[in-house]
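Here's a quick briefing to read alongside the coordinates. Have the structure open and follow the stops one by one.

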Amino acid sequence: MTISKEFDAVIVGAGFSGMYMLHLLREEGFSVRLYEAGSNVGGTWYWNRYPGARCDIPTESYCYTFSEEIHREWTWSSVYPEQSEILDYCNFVANKLDLRRDIQFNTRLTSAEYDEKSKKWKVCTGEGDIVQAKYFIPALGNVSIPHAPNIKGLEHFQGETYHTSRWPHEKVDFKGKRVAVIGTGSSGVQAITSISKEAEHLTVFQRTPQFVSPVKNPLLSPDQVKEMKNNFPELRRKIREHFIGAPTFDLRRPYSALEDTPEERQRFYEELWNEQNGFQLLFSYLDITVNDEANATLAEFVRTKIKEIVKDPDTAENLLPTYLIGGKRPVVGTNYYETYNQENVSLVNLKNTPIVECTKKGLVTSEGEHEFDIIVFASGFDAMTGPLMKANIRGRNGIFLKDKWDGGRNLKTFLGVCNVGFPNMFTITGPHFPLTTNAITVNEVIVEWIFDCIKYVEEHGVEEIEATSEAEETWTNHANEVGEQSIYAKVDSWYTGANIEGKPRGFLGYTGDYLMFQEQFNNARDYKGFTFTPKQNVAVEK
């Protein structure tokens with residue numbers, strides 16, 4: 001194996017975390033190469049170009065907070081930005097920081113292996129590059145491996161097929177077309193409301209109905225833009241001190257939902273529903289996501305709203321969720337339930353009428369055949385563990401990361417960042433990444449911690465840094481204990497791997513809030529959870 005180039009660090013993935021990691025390391029003087037499979041920066045927002053794609057966190061929080069200059073120079077147009085605007089923002093940041101000179105696009109990681117003799121990572125790419133680096137930082141994203149149901153005969157379909165997370169760059173024309181959308185998660189809900197405006201007929205195939213909170217997307221006024229730009233230090237402080245890293249969503253009533261009378265509670269829920277501020281519903285009362293009885297009050301309110309909005313009783317009944325509200329990845333949408341009142345939209349309940357096979361003309365369910373011109377898969381991802389387990393990553397003694405985790409049956413990490421047996425490797429947005437917080441602010445915390453850790457290693461003459469088994473065990477037990485106490489333990493979802501047939505169940509993410517997560521990382525700054533191999537003749541002080 002001939003090494004063509006050597007770097008201090010190799011990063012994989014040019015999403016928000018990879019871009020920030022590249023910037024910090026390069027500013028410190030490290031030599032860095034970032035490999036990206038796409039043709040440009042943006043990560044999730046590069047790949048997910050489906051109709052209606054939009055962020056569900058307000059712009060004031062869904063942005064980098066490490067640079068006041070970037071914050072002042074960029075202007076958002078609306079409260080909840082569309083995919084194209086977020087991608088424009090990523091490109092603006094890449095240009096501003098001149099990141100592209102150290103990014104190699106259209107390049108996939110094919111393998112990464114730790115060489116114990118040289119104490120370096122050997123990284124191979126699909127372009128034939130073989131490079132060496134002391135530090136290996138996969139920032140692959142936790143929703144970057146699309147999942148599609150295994151439908152018999154799909155290869156025979158003569159129409160067009162698309163997956164929401166691998167959408168073509170050119171516009172897909174739905175006008176006059178018969179369209180199927182399979183899946184009603186976050187991307188499915190957004191795609192359904194958008195496609196229904198163009199298609200001749202849209203058939204939605206739903207496995208599990210969702211609680212969809214209404215959201216509106218007003219344009220930002222000049223005064224709002226000015227306030228966002230001028231109050232950057234205060235905004236950053238509020239984000240870092242907020243329980244999900246998005247201060248727009250406040251806890252409206254800091255007491256139990258059961259303390260209000262049914263009449264008062266109903267008035268309050270109506271008020272929040274009419275605000276159309278998405279996730280705010282989940283933060284109506286203190287105990288919505290921790291007390292099943294309190295949770296039931298909000299869940300029943302939303303079910304009642306669905307029955308009020310959807311005119312056809314059978315369709316409305318099929319749209320009623322039965323799980324604890326907030327137990328799955330929260331979904332927001334604009335006029336989602338109203339979409340089912342359109343004459344060109346119909347709903348198929350897959351639990352009652354499953355798909356049997358695909359023919360050249362369309363999909364056959366247990367009740368008959370539906371003919372389509374286009375099939376859209378909005379069927380989610382092999383999330384959290386999938387991207388890293390499908391990557392060809394080997395640590396000490398040649399062990400694969402997927403085998404170290406026993407295919408997910410023995411998932412253990414330290415902080416969701418470090419793994420025993422994989423020295424000098426730091427993963428970002430993998431398993432044990434917080435599930436219900438503002439992802440960009442979480443990424444900033446993780447990237448800054450990794451950066452400080454690497455500086456510590458270099459300043460103290462360390463050749464290898466590796467998590468200890470004790471630290472890994474303690475952190476994983478903590479993540480599991482917090483998970484067991486959460487609402488997510490009671491609901492099947494991709495948070496626990498339940499969306500993939502045969503995937504081991506477990507707490508793939510971290511269910512503690514943003515403040516608890518930051519505390520864990522601050523506590524880890526003493527580096528007592530690591531073993532260090534010093535360079536020869538160099539003593540390491542802790």
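Let's start at Gly529, which sits in the loop between α16 (514-523) and β19 (530-534). Keep in mind that this is a predicted model. With a relative accessibility of 10%, Gly529 counts as buried.

- Setting aside residues within four places in sequence, Gly529 is in contact with Phe414, Glu466, Ala467, Thr468 and Ala471.
- Gly380 is another loop residue, placed between β16 (374-377) and α12 (386-390).
- Not counting residues up to four places away in sequence, Gly380 touches Ile145, Pro146, His147 and His163.
- Gly380 and Gly43 are separated by 337 residues along the sequence and by 16 Å in space, C-alpha to C-alpha.

- Trp45 belongs to helix α2, which covers residues 44-47.
- Is Trp45 buried or exposed? Its relative accessibility is 10%, and the cut-off for buried is under 20%, so Trp45 counts as buried.
- Beyond its neighbours within four places in sequence, the contacts of Trp45 are Phe16, Arg54, Cys55, Tyr62, Gln83, Ile86 and Leu87.
- Glu82 is 37 residues from Trp45 along the chain, with 9.6 Å between the two C-alpha atoms.

- Ala37 is in the loop that runs between β2 (32-35) and α2.
- At 23% relative accessibility, Ala37 counts as partly exposed.
- Which residues does Ala37 touch, not counting those up to four places away in sequence? They are Trp47, Asn106, Thr107 and Arg108.
- Ala37 also pairs up with Gln104 for a distance check: 67 residues apart in sequence, 8.5 Å apart C-alpha to C-alpha.
- Asn106, one of the residues Ala37 touches, lies in the loop between β3 and β4 (109-115).
- The backbone is worth a look here, as phi of Asn106 is near 55°, a positive value in a residue other than glycine.
- Asn106 has a relative accessibility of 47% and counts as partly exposed.
- Asp98 has a positive phi too, at about 55°, although it is not a glycine.
- You'll find Asp98 in the loop between α4 (83-96) and β3 (103-104).
- Asp98 is partly exposed, with a relative accessible area of 41%.

**Helix α6, one side and the other**

- In helix α6 (residues 222-230), the buried residues are Val225, Met228 and Lys229.
- Why do they end up on the same side of α6? Because they cover an arc of only 95° around the axis.
- Asp223, Lys226 and Glu227 are exposed, on the other side of α6.
- What do the buried residues of α6 pack against? Their partners are α3 (68-73) and α7 (232-240).

**The whole protein**

- The C-alpha trace spans about 75 × 55 × 45 Å along its principal axes.
- Of the 542 residues, 59% are buried.
- Looking at contacts between residues at least 6 apart in sequence, 73% join residues at least 24 apart.
- The protein exposes about 22600 Å², and carbon and sulfur atoms supply 46% of that area.
- On the charge side, there are 58 positive and 75 negative charges, and their mean positions are 3 Å apart.

Methods
Residues numbered from 1 in each chain as written. Predicted model: local features only at pLDDT ≥ 70, side-chain atom pairs only at ≥ 80, totals over all residues. Heavy atoms only, no water. Buried < 20%, exposed > 50% of the residue type's maximum accessible area, 1.4 Å probe, protein only. Helix = DSSP H or I, 4+ residues; strand = E, 2+ residues; numbered from the N terminus. Arc of directions from axis to C-beta. Contact = heavy atoms within 4.5 Å. Areas by Shrake-Rupley, 256 points an atom, 1.4 Å probe, with all protein chains shown as cover. Lys, Arg positive; Asp, Glu negative; His and termini not counted. Charge placed at Lys NZ, Arg CZ, Asp CG, Glu CD.
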